[in-house]
Amino acid sequence: MRLRKMIFSSLLALFVFFLIGGGKSVQAASYDNNTLTSYGIPATVVEVMMNNSMYADGKSPTQEEPNLKPTEFTVGDVTELQVVSLANRMGSYQSTANSTVADWVANGAANSVYDISPNVYAQNTEDKVTGDSGSLANKALIFDGHTLDNHYAPPFNMLMQIIASANNATTVDLTGVTSEVKDTTLAQSLISLFQTPRLSSLNTLLLGDDNLTDFKFYMMGQTVMDVTDAQNVTALDLSNNGTSQVAWGQNFPIMRQLDDLDLAGNQVATISDTLNNMLQSIVKHAGTTDMSSSSLQMSDWNTLQNIIAVLNATEGDIKLSDKSVNDIVNSQPQALNDGAVAAVFNQLNTDSIQKLLSSNNSLSEQTKTALTHKLSGKDDSGGTGGTSTAGNNVAVSGNLDFGTNSLSDLDSTFQENGSLDFTATLLPGSKLTATLASWTGQDGSFFGGIITLPNNGIFNGDINLNNTNSPVLSENKGNAPVTLTQHTLTGITLNIPEDQQTRIRATSYKTTITWHVNADQSANQN
């Protein structure tokens, strides 16, 4: 339908995504030409979807067809979307609740705008929704005495069925849909009308700011938090849901492949078995969890033991609040290993450092030296992303964005629009090197790309990084330590060799740059 495009983007480090809309070939359904408003969905709500959703070419339906009216937007149009959104999204990396949608849902009446009776959830499965005898074709839910002639079709239920029919969607954004619903059980019941297992291409599900609190509604694990074995949902946003604890004993299959879990804005106090399973999945897949608003209770034995286990893991990045970090250290300083200390190094206060030095005999001499230097004001952390020896250190952080590019331009040079902050200290005889991992996709595909770091006065000329080399960026051949500092490392480019272009698929990719000093210490840039 439209020229398929890819998007390179990044947050904090070097997360680079390709959103390539290959599209699935699906036979047209008899209801594809049905407009969304014909199901009772308000035109104003449809307009929100048109303004904030996105086709594979990076354009919203409104941008693609400026003269298209909400009353003309069809089920078939929804199935072509790559990003389906009921939140404010276009032009911003941060989704926010849309008041039009939130007001409609919150002010709707049961059995009029929505139905959350126990047997209604079984009406959202593929066999009940699709086909010539399904609810989308008949515009009717047939259950609990409701017949075809009744044409009983609460519009919110039908909207959830339509969105779950977007077979090309890699992202569904339901941020804030139930943000104005005051009763969390009702909010959870409404969100559970969304049947995640129906979206075979889905990678990212956003449920932030939906007042889902503890996620204890019994149907959540069978609907919105469920996946099939064939699905590959890797990113889940549960931010700003008023969550202090995720309910115990919940089975959420969606956690199986997660490598990005966003719990920011939630003052998480305890780690239940359900949340611990989520964190273990993040660790297993070397992913990231944002719990930067947490206020963990050290008096809860399960919470303390669970968080120490994930912090001590060799993979994954669990972001905690400063308070939680220092409370953990002061509660059990002897339980943390070198990797855990390195991960929270920049958040440690004086009391925590003293506790670690006096109580943890298992830490390496390098870690103890770095802690001692930090305590005395000689911070060896090197800043975000850095690790150090007693003198050698490297730190890299920043924000990269390679823009939106067409599949037909894979032989181009892609220019990033952000920058990296770079600092390193090399002792005499030390070398700074870097390695680039293969670009890996959420569907398991991979390719080899070339990232070029410009000289900018700090490297040995322009440096080409790929997955087969580990070039020397700089070497200290003198007799005194050398500090390399570049706070605006710009002009970074990406090239994709011709023999690698055929490997690229319709999915998101990311890679990791690992920066080494003397190969003993390194900083990972994901």
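Gln-195 touches Tyr-121, Asn-124, Thr-125, Ala-164, Gln-222 and Thr-223, when residues up to four places away in sequence are not counted; contact here means heavy atoms within 4.5 Å. The model is predicted, so that local features need pLDDT of at least 70 and side-chain atom pairs count only at pLDDT 80 or more, while totals for chains, interfaces and linings use all residues. Residues are numbered from 1 along each chain as its sequence is written, and side-chain values use heavy atoms, with hydrogens and water left out.

Gln-195 lies in the loop between helix 8 and strand 4 (204-206). Helices (H or I, at least four residues) and strands (E, at least two) are DSSP runs, numbered from the N terminus. With 8% relative accessibility, Gln-195 counts as buried; the term denotes under 20% relative accessible area, against over 50% for exposed and partly exposed in between (1.4 Å probe, protein chains only). The C-alpha atom of Gln-195 is separated by 7.5 Å from that of Gln-161, although the two residues are 34 apart along the chain.

Six of its eight residues are buried, so helix 8 is largely enclosed by the rest of the structure. These buried residues are Thr-184, Ala-187, Gln-188, Ser-189, Leu-190 and Ile-191, and they pack against helix 4 and helix 7. At the start of helix 8, a side-chain oxygen of Asp-183 reaches to within 3.0 Å of the backbone nitrogen of Thr-185.

In helix 4 (residues 99-107), the buried residues are Val-101, Ala-102, Trp-104 and Val-105. Viewed down the axis of helix 4, they fall within an arc of 160°, so they line one face of the helix; the arc is that of the directions from the helix axis to the C-beta atoms. An α-helix has 3.6 residues a turn, so residues three or four places apart point the same way. Asn-98 caps the N-terminal end of helix 4, with a side-chain oxygen 3.0 Å from the backbone nitrogen of Thr-100.

Another packing arrangement involves helix 13 (residues 350-359) and helix 14 (residues 365-375), whose axes come within 10 Å and cross at roughly 145°. Axes are lines fitted to C-alpha atoms, for helices over the stretch in contact, and angles run from 0 to 180 degrees between N-to-C directions. The contact is made by Thr-350, Ile-353, Gln-354, Leu-356 and Leu-357 of helix 13 and Lys-368, Leu-371, Thr-372, Lys-374 and Leu-375 of helix 14.

Key
A polar contact is a pair of N or O atoms within 3.5 Å; within protein, one must be able to donate a hydrogen and the other to accept it, and residues adjacent in sequence count only if both atoms are side-chain atoms.
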